[in-house]
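Student: Could you walk me through a few local features of this one?
Tutor: Gladly, here it is.
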Amino acid sequence: MTKCCINPSILSADFANLEAELSRISNADAVHVDVMDNHFVPNLSLGLPVVQRLQEISPVPLDAHLMIEHADRWAPAYADAGVASVTFHAEASIAPIKLARELRARGAKAGLALRPGTGVEPFLDMLGELDMLLIMTVEPGFGGQEFLDLTLPKIRRARAAIDGSGLKVALQVDGGITQDTIFRAAEAGADVFVAGSAVYGAADPADAIEKLREAGRRR
């Protein structure tokens, strides 16, 4: 049985009832919190004060995905908020190794995210500084997009590099994950899956999580 973690994205949840929405996914491995600043991506979601409050009430760990400019300046505050994992974009960081070390020093796991068009090879030497590598399988900024199969070779290269390093680095994918696409991402080597519409668009989000988990283990 292969590892398969499901992290539902609250970008697809009801923002007026986030506490209730979190309770509907208590069987998830973590909740993916999309932080957008309307600069790095053309969308605005929520920021640090909301994340701090979610940290206080969430029944599962928070997996913060920062789609924001100036990550070196702002990301450490999310670690200070107590979230389990903070992922920043390589394209938004001037000193990614320094930032990853700072996040870890503040008690959070450090994740590095790559947009679909960003190559993985320049960042493989810093795997030892990371707890997670996030390969975006859509362009970041909006939920409900279709999975980009062109990212599969990059996922495979990342998996080969992680396995070859002997390091325990999670390989996360985010975007277009459904029961139909999770198998392809898992077969390529991903083991942590962000799903928004596929979870919160279901009548029973908890059941949707279990079905995704089962589908992702079949590779």
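Tutor: Before we start, a residue counts as buried when its relative accessible area is under 20%, and as exposed when that area is over 50%. Keep in mind as well that this is a predicted model.

Student: Okay, which residues of helix α4 are buried?
Tutor: In α4, which spans residues 96-105, the buried ones are Pro96, Leu99, Ala100 and Leu103. They lie on the same side of α4, because the arc they cover around the axis is only 100°.

Student: Switching to strands, is β1 buried or exposed on its faces?
Tutor: Both faces of β1 (residues 5-8) are covered, with Cys5 and Asn7 buried on one side and Ile6 and Pro8 buried on the other. The strand runs parallel to β8 (residues 192-195), to which four bridges join it, and Pro8 stands opposite Ala195 of β8.

Student: Which loop holds His70, and what's its phi?
Tutor: His70 sits in the loop between β3 (62-67) and α3 (71-80), and its phi is near 55°, a positive value in a residue other than glycine.

Student: Why does His70 count as exposed?
Tutor: Because its relative accessible area is 54%, and exposed means over 50%.

Key
Residues numbered from 1 in each chain as written. Predicted model: local features only at pLDDT ≥ 70, side-chain atom pairs only at ≥ 80, totals over all residues. Heavy atoms only, no water. Buried < 20%, exposed > 50% of the residue type's maximum accessible area, 1.4 Å probe, protein only. Helix = DSSP H or I, 4+ residues; strand = E, 2+ residues; numbered from the N terminus. Pairing = 2+ DSSP bridges. Arc of directions from axis to C-beta.
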